[in-house]
Amino acid sequence: MHQCDPQPAINREHVFALVDGNSFYCSCERVFHPSLIGQPVIVLSNNDGCAISRTDEAKALGIKMGDPLHLIKHIVARHRVRVFSSNYALYGDMSARMMHTLAQFTPHMQVYSIDEAFVSLDGFARDGLTEYARTIRAVVRRDTGIPTCVGIAPTKVLAKVANRVAKRRTGSGGVLNMCDAATQDEILDSLPVEDVWGIGARSAATLGTHGVRTAKQLRDHDLDHTQRLLTIVGRRIAMELRGQSCLPLQMIQEARKQIISSKSFGRPVRELDEMLEAVANYVTRAAEKLRGQHSLCHHVTVFVQTNRFQNVPQYYNSGAATLATGTASTVRIIQAAHQVLRGIFRAGFKYTKAGVMLADIRPASAPQFSLFDDQQAHARDATLARTVDAINTRMGRDTLKVATCGTTQAWGMNAKMRTPCYTTRWQDLLRV
Amino acid sequence: MGGYHRTAQMKPIHAIVGEAVHAKTTGQTNVRLPFFGCAVSCGFPSPADDYIEKKLDLNEHLIDKPAATFFVRVAGDSMLGAGIHPDDLLIVDRSKEPKNKSIVLAIVNGEFTVKRYISRNNKVILKAENPAHKDIAIVEGMQFEVVGVCTNVIHSLQ
């Protein structure tokens with residue numbers, strides 16, 4: 001059905017709608033702070049580093065995606081931009097609400113990221129699509145408070161384009177239907193090729209040397225040549241631009257093959273003890289995710305690094321350990337990670353970042369034990385982990401944790417401007 | 001013989017985890033309290049166990065649409081007359097359209113307020129239920145939005 005090569009099956013029946021939350025993190029904050037409506041607002045990345053979500057008002061002041069806070073301090077002060085630390089507990093809950101609301105409209109949807117989802121509108125009457133999208137948008141806004149834009153098109157790549165244009169064009173009412181050829185021609189002609197979903201800066205440069213600079217030129221370029229330049233991936237994108245659907249909805253998320261937990265410290269870390277504590281915390285997060293997808297890992301990597309952007313003695317190192325038996329036990333992975341860390345840690349440096357990566361991930365349903373393994377011990381580990389997860393789900397994150405995670409976490413992230421968890425903690429409820 | 005199945009009441013802990021995770025995403029819990037029936041502590045099945053027919057879930061009673069439902073804590077006393085006290089928990093359903101006399105959570109000029117929604121001759125008044133507080137008449141130029149309808153109030157008696 002969705003085979004694109006060598007002889008593509010043309011399927012013009014598909015209709016995809018990409019629903020995307022506008023300035024999602026900022027919009028979540030606005031739901032609980034109505035005084036922010038109409039004001040420039042930005043949300044910062046972990047550790048209060050860079051602007052990662054900006055309202056239209058903030059964009060109009062020239063604040064760019066990824067701008068470090070210290071470089072835009074003057075704009076923030078002069079225009080009273082409201083600045084927030086990221087509050088992922090809140091954004092995650094609001095995202096789940098948005099996706100739940102969208103799911104009422106169709107059984108076929110793919111949650112693509114925290115703030116966007118592809119919704120299949122196959123089988124809907126063509127002339128009613130725009131109106132239906134407006135209804136979807138209005139219901140999401142009413143039920144969750146989150147404003148969205150909707151792009152409608154016969155393929156996912158075109159739906160992405162339509163969504164982007166819907167966001168920028170005033171007067172679109174937040175919905176753009178790109179199902180007809182004339183609209184496709186007009187929009188693709190004015191779209192730089194690097195703004196097409198899946199075309200990175202390098203691919204764009206390659207295409208540029210062959211005179212392909214707009215999305216329309218990529219669409220109309222010789223397919224075989226495109227494939228020679230950008231592999232089969234590029235060919236699929238070009239075909240999608242032609243309105244031939246090659247990328248089906250992925251309704252089930254695949255289990256991750258790697259899980260990384262890494263953060264910058266709020267202040268430099270010098271002591272091994274603090275580093276052990278930080279790594280134990282990162283393992284705790286990663287192991288929770290591992291258990292969440294019912295997997296076991298066989299490999300753990302730890303890395304530590306100093307600040308590359310500062311004129312201080314530099315050190316970077318990483319090390320890894322293979323676990324004889326796959327495990328999802330926080331305790332066991334911490335033991336392994338600590339062993340690795342002791343091997344790579346050097347005293348006398350100001351470390352600013354560390355992280356762990358779990359790899360060689362396999363399903364927990366078919367564990368393989370080594371000859372000398374105590375299978376009962378592994379079963380006990382699994383029961384313990386489940387119990388800890390159950391308590392933490394009910395009583396709040398980190399109610400129970402391994403003692404090596406520490407209690408003060410002086411090295412922790414800066415999040416000085418974080419709002420309360422209005423929807424996930426009883427003590428944080430909005431007061432009105 | 002349903003009575004022999006202790007698991008009907010005593011779920012293994014991992015079953016509860018799954019439900020709790022589910023609850024986190026949908027706001028709905030499936031961990032329900034049995035309406036009647038008693039715990040079986042040793043060998044004998046309870047004669048009442050065969051009659052368990054309904055497990056009651058307060059969420060089911062209080063919440064129609066989990067994705068559109070928010071909890072807020074009451075801070076003031078302007079709605080005492082409607083039985084809404086400071087520190088009470090209000091359940092707000094954003095998906096419901098306010099009817100005349102509904103109690104609503106609204107935004108007026110950038111601030112949240114809970115009031116009774118009175119709609120008369122195309123005019124909206126947000127009425128306080130306490131003589132010490134003034135009603136708010138909505139006029140042109142005010143920022144005004146009904147966030148949702150307050151469907152229930154939970155008042156602790158302790």
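Colleague: Let me start with a turn: in the hairpin of S2(A) and S3(A), which residue takes a positive phi?

Modeller: Asn47(A) does, with phi near 70°, and the hairpin has 6 residues between its strands. Keep in mind that this is a predicted model, where local features need pLDDT of at least 70, side-chain atom pairs count only at pLDDT 80 or more, and totals for chains, interfaces and linings use all residues. As for labels, residues are numbered from 1 along each chain as its sequence is written, while chains are lettered from A and ligands numbered from 1 in the order in which they are written.

Colleague: How do I read the way strands sit together?

Modeller: In general, strands of a sheet pair through backbone hydrogen bonds, either parallel or antiparallel. Here two strands count as paired if DSSP finds at least two bridges between them. Take chain A's open sheet of 3 strands, ordered S3-S2-S4 with mixed pairing. Strand S3 (51-54) and strand S4 (82-85) are its edge strands, each pairing on one side only. From one strand to the next, the twist averages 30°. Angles like this run from 0 to 180 degrees between N-to-C directions, with axes being lines fitted to C-alpha atoms, for helices over the stretch in contact.

Colleague: How many bridges join S2(A) to S4(A)?

Modeller: There are 4, and the two strands run parallel. Val41(A) has Arg82(A) as its bridge partner in S4(A), and Val43(A) has Phe84(A) there. On the other pairing, S2(A) and S3(A) run antiparallel and are joined by 3 bridges, with Ile42(A) standing opposite Arg54(A) in S3(A).

Colleague: Which residues on the two faces of S2(A) are buried?

Modeller: First the rule: a residue is buried if 20 or more other C-beta atoms, placed from the backbone, lie within 10 Å of its own, exposed if 12 or fewer, and partly exposed in between. Val41(A) and Val43(A) on one side and Ile42(A) and Leu44(A) on the other are all buried, which leaves both faces of S2(A) covered. For contrast, look at Gly208(A) in helix H8 (residues 201-209) of chain A. Gly208(A) has 13 other C-beta atoms within 10 Å, so it is partly exposed.

Colleague: How do I check a helix by its length?

Modeller: Its expected span is 1.5 Å times one less than its number of residues. H4(A) has 16 residues and reaches 22 Å from first C-alpha to last, close to the 22 Å expected. Its buried residues include Leu90(A), Tyr91(A) and Met94(A).

Colleague: How many residues of chain A are in contact with chain B?

Modeller: Two residues are in contact if their C-beta atoms, placed from the backbone, lie within 7 Å. By that rule, 21 residues of chain A are in contact with 27 residues of chain B. Helix H4 (88-103), helix H5 (129-144), helix H13 (375-395) and strand S13 (430-431) of chain A each supply at least two residues of the side that touches chain B. H13(A) gives the largest share, 6 residues. By class, this side of chain A has 6 nonpolar, 8 polar and 7 charged residues. Ala, Val, Leu, Ile, Met, Phe, Trp, Tyr, Cys and Pro count as nonpolar, Asp, Glu, Lys and Arg as charged, and the others, Gly among them, as polar.

Colleague: In which sense do S13(A) and strand S3 of chain B pair?

Modeller: Parallel, over 2 bridges, with S3 of chain B being residues 69-73. Arg431(A) has Arg73(B) as its bridge partner in S3(B).
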